[in-house]
Amino acid sequence: MRNRGQRGQVIPLIALCLTVLLGFGGLGVDVGTWEYHQREQQSAADAAALGGAQQLIYSNCSNYSAATTAAENDAANGGFPGGGNVNLTVQAPPQSGPFAGNSCAVYVQVTSNHVASYFAKLFGLGNGVSESTQAVAAVAGATRYTPCIFLLSPTAQANFNGAHVDSPGCGIAINDTANFNGANISAPTIGYAGAAPNENGSTFGMASPSRMLPVSDPCPEIAGCAYTAANPPSSNACVSFNGNGYTGTLSAGCYSSLNLNGANVTLQSGGTYVLNGSSNFNGAHVTGTNVTIFVTAGGTAPNFNGATVSLSAPSTGNLAHVLYYQVPSNTTSANFNGSNNFYNGLIYCPGATSVNFNGAHGGYVVLVFGSTNFNGSGAVDFATPPPGGAIMKQVVLGE
């Protein structure tokens, strides 16, 4: 017979075990809550760093105030504004770590204090815990899948009939459709947003055309292009120059009319040439480094038919990478036809839908047209950008 005095002795032990089990179960709930909070906080830090670095693209890695403001706004939009229990630190450029002193990088740290606990209070964590996350984003060169040929018009088809286009380092983006009859195209991506293109007899060396969402004008993300759009050069005091057969240096400035038919001219290094009327480069020999050609709303896009051309854009400064800029409202189409022409830089005329571009070799260019004709008059080779010299940029997370 059991001793009545021993009855119930197991009940306190069961209660103690249940308390411990409930405590650990509750702690598991809290840990899950903290992990969820940390993931949300890390996402906000990542978004803030990327948003700040995106602003650096617009300013050619110089406007740190705008980068800081953008990072703070994105952190707040992600639910982690600075103040109260949240400490938000933004450094542009970062002050320590592997990106320290990188003028094209943004560092963000988000620390939340007193992250709520519930059952963990039983273990002395009544004031919650602190969680810290960080992220660094930096401006980098575009990948080989980033377009360097932008054909922006949603209603004007592009023509690659019989063309040979070799673009191994960047893609082609077409907002409408295209004719590729008998073409030989080599690019890592060829996208179209309109109807399926005509591919009869075509060869695609790297990727075949595939459907894509429409792309937007990349000008705002190219610092030199954005600067030119916001600060167009003066079109006052323009002069007329008839250089038919002229040999020599052509002065920079604004031209109300410019005739270089058969001329042999050198453009001034660092010069900006504003075309505010008609222009003719037919059969000319034109060379120039660190130059920009700007076509106003009233200017006529030039013809380089039969010309021998070697032109390079500035690599630094406010007009960095801008070789040719035609205001978007100007719909006249330039002819960049030639047998062996060299262009290096951005060629931007988004309002023109019949741009002829044939016979360019060796240069690194980004083309932004409404639409274009690459119709088989000569091969077009697009060079891979030099290290650090990409016109198109992107932001990437560094850590």
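Helices here are runs of at least four residues and strands are runs of at least two, both assigned by DSSP and numbered from the N terminus. With that in mind, the protein chain has three helices and 27 strands. Please remember as you read that this is a predicted model.

## The chain as a whole

Let us start with some overall values. The protein chain has 399 residues, and 46% of them count as buried. Its exposed surface comes to about 17,600 Å², with carbon and sulfur atoms supplying 52% of that area.

## A sheet of four strands

Now look for the strands E1, E2, E3 and E27. They form an open sheet in the order E1-E2-E3-E27, and the pairing is antiparallel. Which strands sit at the edges of this sheet? They are E1 (86-91) and E27 (393-397), and each of these pairs on one side only. From one strand to the next, the twist averages 15°. In general, the strands of a sheet pair through backbone hydrogen bonds, and the pairing can be parallel or antiparallel.

The loop between E1 and E2 is where you will find Pro93. The peptide bond that leads from Ala92 to Pro93 is cis, with omega near 0°.

Next, move to the loop between helix H1 (10-58) and H2, which is the place of Asn60. Asn60 has a positive phi of about 60°, although it is not a glycine. Cys61 is found in the loop between H1 and H2 as well, and its phi is near 60°, again a positive value in a residue other than glycine.

Are these residues buried or exposed, or something in between? Asn60 has a relative accessible area of 46%, which lies between the 20% and 50% limits, so it is partly exposed. Cys61 has a relative accessibility of 13%, which is under 20%, so it counts as buried.

## Aromatic rings

A pair of aromatic rings is described by the distance of the centres and the angle of the planes. The model has 14 aromatic pairs. Here are two of them, both of which involve Phe357:

| Ring pair | Centre to centre | Angle between planes | Arrangement |
|---|---|---|---|
| Tyr343 and Phe357 | 5.8 Å | 45° | tilted |
| Phe357 and Phe369 | 6.4 Å | 50° | tilted |

Phe369 belongs to strand E24 (residues 365-369), so its pair with Phe357 in E23 ties together parts that are 12 residues apart in sequence.

Tyr343 is buried, with a relative accessible area of 3%. For Phe357 the relative accessibility is 1%, and this residue counts as buried. Phe369 is buried as well.

These residues also belong to a wider group. Ring pairs link a cluster that includes Tyr343, Phe357 and Phe369, along with others such as Phe160, Phe281, Tyr324 and Phe374.

## A buried serine

Our last stop is Ser371, in the loop between E24 and strand E25 (372-373). Its relative accessibility is 1%, so Ser371 counts as buried.

What does its side chain reach? A polar atom of the Ser371 side chain lies 3.3 Å from the backbone oxygen of Ala156. The side chain of Ser371 also reaches the backbone nitrogen of Ala158, at 3.4 Å. Leaving aside neighbours within four places in sequence, Ser371 is in contact with several residues, including Leu151, Gln157, Ala352, Thr353, Ser354 and Val355.

Methods. Residues numbered from 1 in each chain as written. Predicted model: local features only at pLDDT ≥ 70, side-chain atom pairs only at ≥ 80, totals over all residues. Heavy atoms only, no water. Buried < 20%, exposed > 50% of the residue type's maximum accessible area, 1.4 Å probe, protein only. Areas by Shrake-Rupley, 256 points an atom, 1.4 Å probe, with all protein chains shown as cover. Phe/Tyr/Trp six-rings, centres within 6.5 Å; stacked < 30°, edge-to-face > 60°. Pairing = 2+ DSSP bridges. Axes fitted to C-alpha atoms, helices over the stretch in contact; angles between N-to-C directions. Polar contact = N/O pair within 3.5 Å; in protein donor to acceptor, adjacent residues only side chain to side chain. Contact = heavy atoms within 4.5 Å.
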